[in-house]
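Me: Hi! Could you walk me through this one? I'd like the ligand site, the helices and the charged pairs.

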Amino acid sequence: MTATIVSAGYLSARNAISAAVLRLLREGRLATASERLGATVEEVLRLQSGQTGEPFPRFAQTDVELAGTRIRAGDLVLVRLEAAHLDPRHFPDPDAFVPERTSSPSLVFGHGAHYCLGAPLARLEVAAVIGAPARQLPGLCLAGPAESVEWVRDGVDAGPKALHVTW
Ligand code: HEM
């Protein structure tokens, strides 16, 4: 149990934080992140959660019909949570980074029985890291072109291998 919490809690948060900082720097929104901190955390996690988007496997408990497809009890269902975050019915102009959204239903931390144990901590960690430079280092920027940032994948997590900044 301890190993699961440490492994689930370390890489995920590390990648979410560095991916969030990179996204905010690219959007030119890091300096103003603290103005709408909670909403900015939700929006940046929606678009840049630090996860690869690999589907989480689930097995149907009962026969069910989903969007016109019949799924039988016992069938394997591969759910891509990130697809929900790009649903234009819930997020108009879904690819755009808009911390001013009034509604942001989130599946970043899953749903139901396996809902992320560390969700409140992860939100707090991202908020602490993106809120601090906004207050203390408003001139923070990338030290090189964003395109040269190398990404690494580790299981379901993905994030910048290193993020060089200057101010
Ligand atoms: C931004 C960072 C994080 C993201 C995006 C994230 C995402 C997720 C997701 C999507 C799940 C559900 C997996 C499934 O449905 O099978 C999950 C489960 C889990 N997460 Fe996180 N997580 C994050 C941070 C953390 C942290 C900081 C911890 C611990 C301190 C943690 C501990 C866990 C554990 C133990 C589970 C398994 C829960 C269960 O199966 O009952 N996560 N996480």
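Predicted model: local features only at pLDDT ≥ 70, side-chain atom pairs only at ≥ 80, totals over all residues.

Me: Which residues come nearest to the ligand?

Reply: Gly9, Ser12, Arg58, His114 and Cys116, out of 21 residues around the ligand. Being around it means having a heavy atom within 4 Å. A polar side-chain atom of Arg58 is 2.4 Å from a ligand oxygen, and for His114 the distance from a side-chain N or O atom to a ligand oxygen is 2.7 Å.

Me: Switching to H1. How far apart are its end C-alpha atoms?

Reply: They are 37 Å apart, which agrees with the 38 Å that the 26 residues of H1 (residues 2-27) should span at 1.5 Å a residue. The expected span is 1.5 Å times one less than the number of residues. After H1 comes Gly28, with a positive phi near 70°.

Me: And Arg23, buried or exposed?

Reply: Arg23, in helix H1, is buried at 18% relative accessible area. The cut-offs are under 20% for buried, over 50% for exposed and partly exposed in between (1.4 Å probe, protein chains only). Arg23 also forms a salt bridge with Glu27, 3.1 Å from N to O. That term means a side-chain nitrogen of Lys or Arg within 4 Å of a carboxyl oxygen of Asp or Glu. The two are 4 residues apart in H1, so about one helical turn separates them. Glu27 is partly exposed at 31%.

Me: How many salt bridges are there in the whole structure?

Reply: The search finds 10. One of them joins Glu100 and Arg29, with the closest N and O atoms 2.6 Å apart. Glu100 is in the loop between H3 and H4 and Arg29 in the loop between H1 and H2, so this pair ties together parts 71 residues apart in sequence. Another links Glu82 and Arg80 at 2.7 Å, N to O. Salt bridges with shared partners also join Glu43, Arg46 and Arg101 into one network.

Me: Where is Arg46, then?

Reply: Arg46 is in helix H2 (residues 37-47) and is buried, at 5% relative accessible area. Its side chain makes a polar contact with that of Glu43 at 2.9 Å. A polar contact is a pair of N or O atoms within 3.5 Å; within protein, one must be able to donate a hydrogen and the other to accept it, and residues adjacent in sequence count only if both atoms are side-chain atoms. The backbone oxygen of Ala96 is 3.1 Å from a polar side-chain atom of Arg46.

Me: Last one: what about Val126?

Reply: Val126 sits in helix H4 and is buried, at 2% relative accessibility.

Methods
Residues numbered from 1 in each chain as written. Heavy atoms only, no water.
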